[in-house]
Structure formats: structure tokens, C-alpha cells
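Student: I've got a model open and want to talk through some side chains. Can we go through it together?
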Amino acid sequence: LGVKAFQRMGRSASGQYRICQDSIRFLEPFITNRKFECSYEFFQKVLRDYDIQLASIREEDEKLGEELQKLSMGSFVLNVRVPVKEGESQTCFPICMNKALTTVTPMISRELRTSLRVLHMIE
């Protein structure tokens, strides 16, 4: 028994395999060049919208937009600093994302996306 770490993408320009969300907590410490941080507001946008245009990311967060523009196509990790109750430290939540030519897409299941939207009260 174990956790699936990679999934075959088929014939895609972004590579043969992508990282699975189920294993991201185990793989994230070993990923160095393809790891970025984002704001909680951008995290909410990721959960609301499926494909996010790189141009719109630049408008909201110029630093993140430029970093993603330079990134080659394929999987990357987006770390979200989730706000917590007063007196507690922030938690970091990694999300597996995929960069295409002009868009970025979260590679999370519909069920996880729905549960995160409910948990964070996102319509």
C-alpha cells in the first residue's frame, strides 16, 4: 500500500508525468525550483476558476506572475499561507498546479476542490 506520487499525462507538451495532489506533502520538501508562494486571495481564485490566465495573475500579483511566466510548462507546487484564528501560527497548504502555455490549472480532484471551497466559504 502507498500513495500515488505521479500520474501519466499522455501525449502532452508539458511532460509525460505530473505530480499527484495526494503525494504533494511527501514530495514538496524535495522540490526546489518549481515551488512558489501565493496569497490567500489568489488561493481563493484558484478554487473558484479552473483555468487562470497568466496575464490575470500578473495584474494581481506581479512577482508571482513574472515567476510563472519564466517557468517552463509542467507541474509546480503552489504554497498557500492559510490564515488561522488569532494566537495560532499560519499553516502552509501545498497545491499541485500545472502550467500550460498561457494558463495555470490546479491539479486537484473535484471532491477536494469542493471541500476546500466549503471549508473556506468560497462561492
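Student: Leaving aside neighbours within four places in sequence, which residues is Phe 42 in contact with?
Tutor: Phe 42 is in contact with Ile 52, Ile 57, Glu 60, Leu 64 and Leu 78, once those neighbours are set aside. Contact means heavy atoms within 4.5 Å. This is a predicted model: local features need pLDDT of at least 70, side-chain atom pairs count only at pLDDT 80 or more, and totals for chains, interfaces and linings use all residues. Residues are numbered from 1 along each chain as its sequence is written, and side-chain values use heavy atoms, with hydrogens and water left out.

Student: Where is Phe 42? And is Phe 42 buried or exposed?
Tutor: Phe 42 sits in helix 2. Helices (H or I, at least four residues) and strands (E, at least two) are DSSP runs, numbered from the N terminus. Phe 42 is buried, at 4% relative accessibility. Buried is under 20% relative accessible area, exposed over 50%, partly exposed in between (1.4 Å probe, protein chains only).

Student: Switching to rings. How many aromatic pairs are there?
Tutor: Three. Rings of Phe, Tyr and Trp (its six-membered ring) pair if their centres lie within 6.5 Å; planes under 30 degrees apart are stacked, over 60 edge-to-face, the rest tilted. One of the pairs is Phe 36 with Phe 76, edge-to-face, at 5.8 Å centre to centre and 75 degrees between the planes.

Student: What does that pair tie together?
Tutor: Phe 36 is in strand 3 (residues 35-38) and Phe 76 is in strand 5 (residues 74-82), so the pair ties together parts 40 residues apart in sequence. Phe 36 is buried at 10% relative accessible area. Phe 76 is buried too, at 1%.

Student: And Tyr 40 with Phe 43, what kind of pair is that?
Tutor: Tilted: 5.9 Å centre to centre, 40 degrees between the planes. They are three residues apart in helix 2 (residues 40-48), so about one helical turn separates them. Both Tyr 40 and Phe 43 are buried.

Student: Which residues do ring pairs link into a cluster?
Tutor: Tyr 40, Phe 43 and Phe 93.

Student: New topic: Asn 98. What does its side chain reach?
Tutor: The backbone nitrogen of Ser 75, at 3.5 Å.

Student: Where is Asn 98, and is Asn 98 buried or exposed?
Tutor: Asn 98 is in strand 6 (residues 91-99). Asn 98 is buried, with a relative accessible area of 11%.

Methods:
A polar contact is a pair of N or O atoms within 3.5 Å; within protein, one must be able to donate a hydrogen and the other to accept it, and residues adjacent in sequence count only if both atoms are side-chain atoms.
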